[in-house]
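Please consider the sequence and the three-dimensional model shown below. The paragraphs that follow lead through them chain by chain.

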Amino acid sequence: MSITGSQIDGVAVATAPAARKRRLSKSLKKRLIPWLFISPFIILFLTFTLFPMLFSVYLSVHEWNPVAGLSSMEYVGLANYQLTLTDPWLWQSLYNTVWLAVVSGVPQHLLAIPVAYLLVTGLRGGLRHFYTAFMFIPYITSTVAVSLIFFSIYSANSGILNQMLLGLSDMPVFSWFFSWVPDVMPIRWLTSSDLLKPSIAMVVIWKYTGFNIVVYSAGFLTVSRDLYDAARVDGCNRWQQFWHVALPMIRPFVFFAVTLTIIGNLQLFEEPFVLTQAQSGGVAQAGLTASYYLYLVGWQWLEMGSAAAISWILFLFIAIATSVHFYFNGRKGLGEDR
Amino acid sequence: MAGVELRNLRKSFGKVEVLKGLDLKVEDGEFVALVGPSGCGKSTLLRILAGLEEETAGDVLIGGEVVNDLSPRERNIAMVFQSYALYPHMTVAENMGFNLKISSKPKAEIKARVQETAEILDLVHLLDRKPSQLSGGQRQRVAMGRALVRNPDVFLFDEPLSNLDAKLRVQMREEIKRLHHKVRTTKIYVTHDQIEAMTLADRVVILDRGIIQQVGTPTELYRNPANAFVAGFIGSPAMNFLPGMLQSDSDTARIELEDGSVLTAPRKPNHPRDGKVLLGLRPEHIMLGEGTGTSNALTGRIDLIEPTGAQNHLRIKLGGQSTTVVDNNLTEVELGQNVAVHVDPDKIHIFEAGNTA
Ligand SMILES: Nc1ncnc2c1ncn2[C@@H]1O[C@H](COP(=O)(O)OP(=O)(O)O)[C@@H](O)[C@H]1O
Ligand SMILES: [Mg+2]
């Protein structure tokens with residue numbers, strides 16, 4: 001066999017150009033095939049990730065009104081960035097974003113962690129799954145629909161929230177706590193600059209707490225029963241078991257969930273957009289978040305160049321916030337201290 | 001320090017009754033081993049003692065007081081878990097001092113006591129490590145240290161050595177024994193390994209199917225097993241059981257084996273009634289050779305020879321049964337050879353038929 005093989009090789013080398021070409025195309029094919037297999041990813045990545053990113057960098061140094069067509073693009077250097085950074089609305093929107101991120105972010109976790117702990121340690125499998133699924137519903141419901149419902153709940157004159165407060169102020173025991181209600185009616189949840197942000201934050205908390213409960217339940221389920229037993233033998237009551245054993249054990253889950261909250265909350269858009277009826281961020285721009293501002297600049301004012309610049313500023317902002325979080329909590333959060 | 005007592009202790013999980021009425025008294029400072037096959041309820045019993053599980057009926061007494069309604073914290077017991085259950089996020093020192101910290105002891109005292117215990121267990125150089133950075137044996141010692149540092153009334157051990165390799169197991173066994181001589185606290189030690197139980201304990205409790213089968217010193221259990229289960233469980237290699245027919249008069253018991261050979265033994269009060277019985281012969285009590293003047297001579301064919309160095313383990317067909325024989329004299333024998341063996345009449349055990357390990 002091997003003798004015939006080498007003979008054929010010898011012949012092939014002798015009859016040079018055609019065979020060499022064939023061999024070249026063969027090795028080329030061999031090298032191309034792997035690329036062919038990964039090409040779907042590469043094509044999608046180039047089209048939908050790399051190109052838009054580079055295009056937005058390009059855009060951010062041009063002035064462009066998309067309605068006037070591609071030819072209207074005009075190079076302006078860093079003017080978009082300069083202009084944006086001097087716009088008070090940008091700073092207002094960044095302030096609102098951070099405020100909302102903190103006020104709507106922190107309670108999500110402060111609520112979700114104990115609830116998940118109680119669900120996991122206090123309930124049997126079936127009932128726990130039911131409650132967890134129930135609390136997950138807000139997360140999978142359309143944000144726009146949720147915001148619309150809250151819009152009607154918050155309505156100053158006919159909203160159920162104000163009606164409930166009025167009702168409570170009439171009830172025997174509660175009236176003591178709610179006697180102030182009739183004096184301040186109607187409470188303008190969405191049309192006063194003081195109440196708008198808290199009202200938005202409530203919706204965000206309502207929507208995302210369930211998701212965090214699911215994450216933390218998964219976390220608490222990883223803590224073995226032996227550890228709780230050991231803690232009980234060591235003299236821990238239920239609170240101490242939670243504080244000294246369960247909570248440190250789910251640190252990686254807290255880290256993960258907080259990271260998602262930071263990234264998500266700094267991009268808050270739909271809730272404030274719907275609750276302010278798309279009216280330039282609501283009263284005194286109290287509900288104007290960074291993404292909302294980005295939307296206004298791009299699609300209301302049709303300044304695509306500035307919008308691109310803002311998106312890069314927002315990106316930088318989120319990247320810094322996340323890095324700070326990683327820097328301070330990363331080692332313990334990723335469980336590298338174990 | 002305190003003794004422990006169980007009074008008609010019962011435990012059911014749903015319809016399944018795991019512990020069926022246990023009575024036991026453990027003296028102050030005693031080392032009691034609880035042995036039984038896997039799943040017989042040893043861990044359950046220990047968890048009830050610790051207060052981690054509630055008994056269905058009966059009483060648990062520690063130091064003479066009924067503690068049924070006390071939490072683990074109030075019982076002042078320490079427990080070493082099979083999985084060690086060390087807190088992964090705490091250092092060795094923090095693991096060991098955790099109980100003291102929860103009991104709000106001053107920092108300086110915690111540090112001193114942890115240090116002292118670490119010295120006893122040779123853990124000083126590991127105090128700053130996390131459990132994940134320790135070997136199995138080291139983790140085991142930390143788990144012991146965590147229990148020791150508290151100075152508890154009672155120590156509970158749940159198969160503490162079962163996750164170690166054979167060599168380390170023997171080493172830790174010795175260490176635990178030495179520790180008990182130093183710290184004479186009441187210890188209840190659960191294991192499924194009868195050798196561990198025999199070597200460590202003052203008294204051994206044999207548990208099977210939720211019932212205490214026998215309580216006694218290792219020697220008592222070995223010499224006078226109460227039933228075939230205990231007899232088969234204690235001793236290694238395990239006792240041989242041969243079915244036979246018992247015929248006894250006032251001072252001799254005469255057993256006819258399946259192949260017609262006959263053994264005699266002095267009649268003892270704990271022997272069952274005449275009829276079908278199980279004859280128990282320990283492998284180390286079956287001697288090769290004719291013996292002298294004894295009527296308990298048997299012959300059989302050698303089926304297997306297993307040299308272990310100091311002894312040879314032989315499988316010999318005796319009385320119609322394949323029987324293990326330990327030969328300490330390393331006699332030259334061959335596979336398939338017919339050999340004569342003899343048994344001292346005093347070493348013959350007779351049990352009711354039909355219940356072995
Ligand atoms: N929490 C529980 N719920 C139901 N059954 C249990 C529980 N804990 C133990 N059991 C059952 O009780 C029996 C004894 O278990 P265990 O005490 O762990 O045995 P051992 O430690 O002797 O191996 C087993 O059959 C086990 O399935
Ligand atoms: Mg067990």
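**Domains, helices and sheets of the model**

Chain A is divided into domain 1, covering 83-154 + 197-333, and domain 2, covering 156-188; these bounds come from an automatic or database domain assignment. The C-alpha centres of the two domains of chain A, domain 1 and domain 2, are 29 Å apart. The model is a predicted one, in which local features need pLDDT of at least 70 and side-chain atom pairs count only at pLDDT 80 or more, whereas totals for chains, interfaces and linings use all residues; side-chain values use heavy atoms, with hydrogens and water left out. Residues are numbered from 1 along each chain as its sequence is written, while chains are lettered from A and ligands numbered from 1 in the order in which they are written.

In chain A, helix H4 (residues 88-122) has 35 residues. Helices (H or I, at least four residues) and strands (E, at least two) are DSSP runs, numbered from the N terminus. From its first C-alpha to its last, H4(A) reaches 51 Å, close to the 51 Å expected at 1.5 Å a residue, the expected span being 1.5 Å times one less than the number of residues. At the start of H4(A), the backbone nitrogen of A:Trp89 has a side-chain oxygen of A:Asp87 within 2.8 Å. This is a polar contact (a pair of N or O atoms within 3.5 Å; within protein, one must be able to donate a hydrogen and the other to accept it, and residues adjacent in sequence count only if both atoms are side-chain atoms).

An unreviewed UniProt entry places the feature "transmembrane region" at several spans of chain A, including 200-222 and 242-263. UniProt positions are given in the numbering used here, feature names are shortened, and annotations may be inferred rather than shown by experiment. Residues 200-222 of chain A are 96% helix and 0% strand, with end C-alpha atoms 34 Å apart. For residues 242-263 of chain A, the values are 95% helix, 0% strand and 28 Å.

For chain B, an unreviewed UniProt entry places the feature "domain: ABC transporter" at residues 4-234. That span is 38% helix and 26% strand. One open sheet of chain B has 4 strands in the order E2-E1-E4-E5, with antiparallel pairing; two strands pair if DSSP finds at least two bridges between them. Its edge strands, E2 (16-26) and E5 (65-66) of chain B, each pair on one side only. Strand E1 (residues 4-13) of chain B joins E2(B) over 8 antiparallel bridges, and B:Arg10 has B:Lys20 as its bridge partner in E2(B).

Ligand 1 is surrounded by residues of chain B, among them B:Phe13, B:Val18, B:Lys42 and B:Thr44, where near means a heavy atom within 4 Å. An oxygen atom of ligand 1 lies 2.7 Å from a backbone N or O atom of B:Gly39, and an N or O atom in the side chain of B:Thr44 is 2.5 Å from an oxygen atom of ligand 1.

A further open sheet of chain B contains 5 strands in the order E15-E19-E16-E17-E18, again with antiparallel pairing. Strands E15 (286-288) and E18 (321-327) of chain B each have a single partner strand, so one side of each is left without a neighbour in the sheet. Strand E16 (residues 297-307) of chain B pairs with strand E19 (residues 338-343) of chain B over 5 bridges, and B:Thr299 stands opposite B:Ala340 in E19(B). E16(B) and E17(B) form a hairpin with 4 residues between them, where B:Gly309 in the turn has a positive phi of about 105°. Finally, 7 bridges join E17(B) to E18(B), with B:Leu318 partnered by B:Gln321 in E18(B).
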